[in-house]
Protein chains: 2
Amino acid sequence: MDPKTLLDPLGLDALYVTRPENVRYLSGFPHPEDAQVLVTHEGAFLLTDPRYPEAEQESQIPARVLKREEKEEVFKGLKGRVGFEAEHLPYAALERLRELAPAEWVPTKGVIERLRLKKTPEEVERIRKAQALAEEALAHALTLLKPGVLEREVALEIEFFLKRRGAEVAFPPIVASGVRGALPHARASEKALEAGELVTLDLGARVEGYHSDMTRTLALGRVDGELKRAFEATLAALERVLEVLGPGKSTKEMDALAREELKRFDLDRYFVHSLGHGVGLAVHEGPGLSPYTEETLEAGMVVTVEPGVYLPGIGGVRIEELVLIQDTGIELLSRFPRGWQEV
Amino acid sequence: MDPKTLLDPLGLDALYVTRPENVRYLSGFPHPEDAQVLVTHEGAFLLTDPRYPEAEQESQIPARVLKREEKEEVFKGLKGRVGFEAEHLPYAALERLRELAPAEWVPTKGVIERLRLKKTPEEVERIRKAQALAEEALAHALTLLKPGVLEREVALEIEFFLKRRGAEVAFPPIVASGVRGALPHARASEKALEAGELVTLDLGARVEGYHSDMTRTLALGRVDGELKRAFEATLAALERVLEVLGPGKSTKEMDALAREELKRFDLDRYFVHSLGHGVGLAVHEGPGLSPYTEETLEAGMVVTVEPGVYLPGIGGVRIEELVLIQDTGIELLSRFPRGWQEV
Ligand SMILES: [Mn+2]
Ligand SMILES: [Mn+2]
C-alpha cells in the first residue's frame with residue numbers, strides 16, 4: 001500500500017484506521033482489536049500498548065508501543081486533513097481526537113475495505129487453508145449425524161475439531177434441522193435431529209485472520225416430496241450461477257440469475273436473503289451479491305454463492321460454495337460434495 | 001427501570017441504547033448485538049429485525065421486529081432531546097440518525113452502565129452459576145497439568161468443558177506458565193508446561209449473559225525461591241484487602257492497600273495493573289479498583305480482587321477472587337482453594 005496513492009485522491013494528509021480487519025490488513029498484526037494504524041505521507045505505522053511488547057516483531061509495518069499519554073502526543077502532532085473511519089469510530093472517540101489534535105478530522109467510508117476486495121495469492125492461500133480445515137471438520141460432523149443427537153452437540157464438535165487443529169471458528173457453526181432449517185440464521189439449538197429431516201450445516205474456519213464459509217444440506221434417512229424438490233431447485237440455482245460466474249459479471253445479475261432459476265420451480269419467493277458476499281479478513285465483506293448491489297466481479301475476489309429455499313413451518317435448504325474469481329472464469333475453493341445425500 | 005427517573009435528570013425526551021450489554025440489561029433479549037432499546041416517557045421498547053421473529057417472547061419489554069425502512073419510520077417520529085451512547089455509537093450511525101430524525105441528538109456517557117453497578121439477587125444468581133461452572137472447569141484443568149502439556153491444550157479443555165455444559169467462556173482462558181507468567185495478559189500459547197514452573201490460570205464462564213472471573217497460580221512440581229516469595233506476597237496482599245473490603249470503602253484505597261502489602265515484600269513495583277474491576281453483563285465493567293478511580297463500594301456490587309507480581313524474565317503470580325459486596329462485609333463468590341499448591 002503506497003500512502004500517496006491512498007491519501008492523495010482523498011485529499012488527506014493522514015488516515016487513522018481503527019476497524020480491526022483494516023488494521024490487520026495494513027499491518028498483519030494479530031491483535032488488531034487492540035491496535036490502530038496511522039497512514040501518513042511518510043508511511044504507515046501501527047499504534048498499540050504495552051500489553052504487546054512484541055508488536056515490532058508481529059507487525060509488517062513499523063510499530064510503536066505507547067502508553068496512553070504517549071499516544072496522545074502522537075495525535076497532538078497531527079496537522080492538516082486527517083481521515084477517520086466513520087462507520088467504526090465512536091462519536092466520543094472522535095470528540096477526544098478533536099480535542100487533542102489541531103487537525104481537521106474528515107469522515108471516510110470504505111477506504112481500506114475497497115483495497116481488501118481483491119485478494120493477493122498469499123491471502124487466497126490462507127482462505128484455502130481455512131476451507132480445507134472446515135471440510136475436514138464437516139466430514140467429521142457427518143459421522144455424528146444420527147437421530148437423537150442435538151444440533152448443539154454437532155456444532156460444538158465442529159468447533160472443537162477446528163480449535164484442536166489450531167484454527168478458530170469463522171462464526172458459531174450453524175446446524176439447523178427439520179423445521180428449524182426454514183430459519184436462515186438459526187443458531188444450533190437444543191433440538192435433537194430426527195429421521196426424515198433435512199439438516200443444514202453452515203461452517204467456516206479462521207486461519208491467520210482469514211475466513212472460509214460453506215454450507216451443505218443433507219437428508220437424515222429418507223426424505224422426499226417438497227423438501228427434496230427444494231433441494232433440487234437450490235442446487236440448480238447454484239449451478240446455474242457457477243456456470244457463468246467470472247470476471248466482468250455484475251453482482252446484481254448473478255443474484256437475479258439464481259432467483260430466475262428458482263422461479264422455474266416456483267420457489268423464488270422462499271429465497272429470502274442475498275446470493276452471496278465477499279470473504280477474507282471478515283467473514284462477510286464486499287462485494288455483496290444481491291439485488292441491491294451494482295458491482296462488477298474482478299479477478300482476485302473471493303465470494304460465496306449461497307442460494308436457499310426456506311419453507312416456513314416445513315424446513316429449508318441452503319447450499320453455499322466459496323469461489324475465487326480468476327482472470328478467466330472461477331476456481332471453486334470449496335470442494336466438498338454438494339449433491340443429494342441421505343446419511 | 002422507570003423511564004421518568006432515567007430521562008428527567010438528563011433533560012432527555014428519549015434515550016437510544018445501542019451497547020449490547022446495556023440493551024440486554026434493559027430488555028433481557030439474548031441477541032443484544034442485533035438489537036437496540038429506545039427509552040421514552042411512554043416506556044422502553046426493543047428494536048430488532050426479522051432474523052428474530054421470536055423477539056416478543058425473548059424480551060422482557062415490548063419488542064418491535066422491523067425491517068430497515070420500518071425502523072427508519074420510528075426514528076423519523078422522534079422529537080425533542082434524544083440521548084445516544086457516545087462511547088458506542090459510530091460517527092456515521094449518528095449522522096444517519098440526524099438525517100432521519102428532527103430531534104436534537106445529545107451525547108451521553110455511562111447512563112445505563114451506572115444502573116448496572118449494583119446487581120439484583122437474580123443477577124448475582126447468574127454470576128454464581130457461572131462461577132460454579134468455572135470452578136468445575138478449573139478442577140478438571142488441574143488434572144491435566146503435567147510437564148509436556150501445552151498451555152493451549154489446557155485452555156481448550158477449559159473452554160470445551162464449559163461449552164459442553166451449555167455455558168460460554170467469559171474470555172479465552174489464560175494459561176501462562178514459567179516466564180510467560182510475567183506477562184499479565186498472556187494468552188495460552190504453544191508453550192509446553194515444565195516441571196518447576198508456576199502456572200497461572202485465569203478463567204471465567206458466561207451464563208445467561210453474566211460472567212465470572214477467577215485466577216489461580218499453581219506450582220508444577222517443586223518451586224521455591226523468589227517465585228514462592230512472590231506467591232506469598234500476592235496472597236498476603238489479597239487477604240489484606242479481603243479483610244477490610246465492604247460497603248463504604250474507597251476503590252482507590254483498596255488498590256493502595258494491596259500495594260502497601262506488596263511493598264512490605266519490596267515487590268510493589270511488579271504489580272503492573274489495577275487491583276480489580278466490576279463483573280456482570282460485561283466481564284470488565286464498573287467499578288474499577290485502581291489508583292485512578294474514586295468510587296465508593298456499595299452493597300450489590302460484584303468485583304474482582306486480583307493482585308499480582310510479575311517478575312520479567314522469571315515468572316509471575318496472580319490470584320483473583322470474585323466478591324459480592326454486602327450490607328455488611330462481603331460474600332466470597334469464588335470458593336476454589338487459593339493457597340500454595342504443588343501439583
Ligand atoms: Mn455465507
Ligand atoms: Mn479479572
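Me: Where in chain B is Glu208(B)?
Reply: In this predicted model, which needs pLDDT of at least 70 for local features and pLDDT 80 or more for side-chain atom pairs, with totals for chains, interfaces and linings using all residues, Glu208(B) is in the loop between β10 (205-207) and β11 (210-211) of chain B. Strands are DSSP runs of E with at least two residues, helices are runs of H or I with at least four, and both are numbered from the N terminus.

Me: And what's phi of Glu208(B)?
Reply: Phi is near 50°, which is a positive value in a residue other than glycine.

Me: How are residues numbered here, by the way?
Reply: Residues are numbered from 1 along each chain as its sequence is written, while chains are lettered from A and ligands numbered from 1 in the order in which they are written.

Me: OK, where is Asp266(B), and what is its phi?
Reply: Asp266(B) is in the loop between α10 (251-264) and β13 (276-278) of chain B, and its phi is near 60°, a positive value in a residue other than glycine. Asp266(B) counts as partly exposed, at 46% relative accessibility.

Me: New topic: what is the peptide bond from Gly286(A) to Pro287(A)?
Reply: That bond is cis, with omega near 0°, and Pro287(A) is found in strand β14 (residues 285-289) of chain A.

Me: And from Gly286(B) to Pro287(B)? What's omega?
Reply: Omega is near -5° for that peptide bond, which is cis, and Pro287(B) is in strand β14 (residues 285-289) of chain B.

Technical notes
Side-chain values use heavy atoms; hydrogens and water are left out. Buried means under 20% relative accessible area, exposed over 50%, partly exposed in between (1.4 Å probe, protein chains only).
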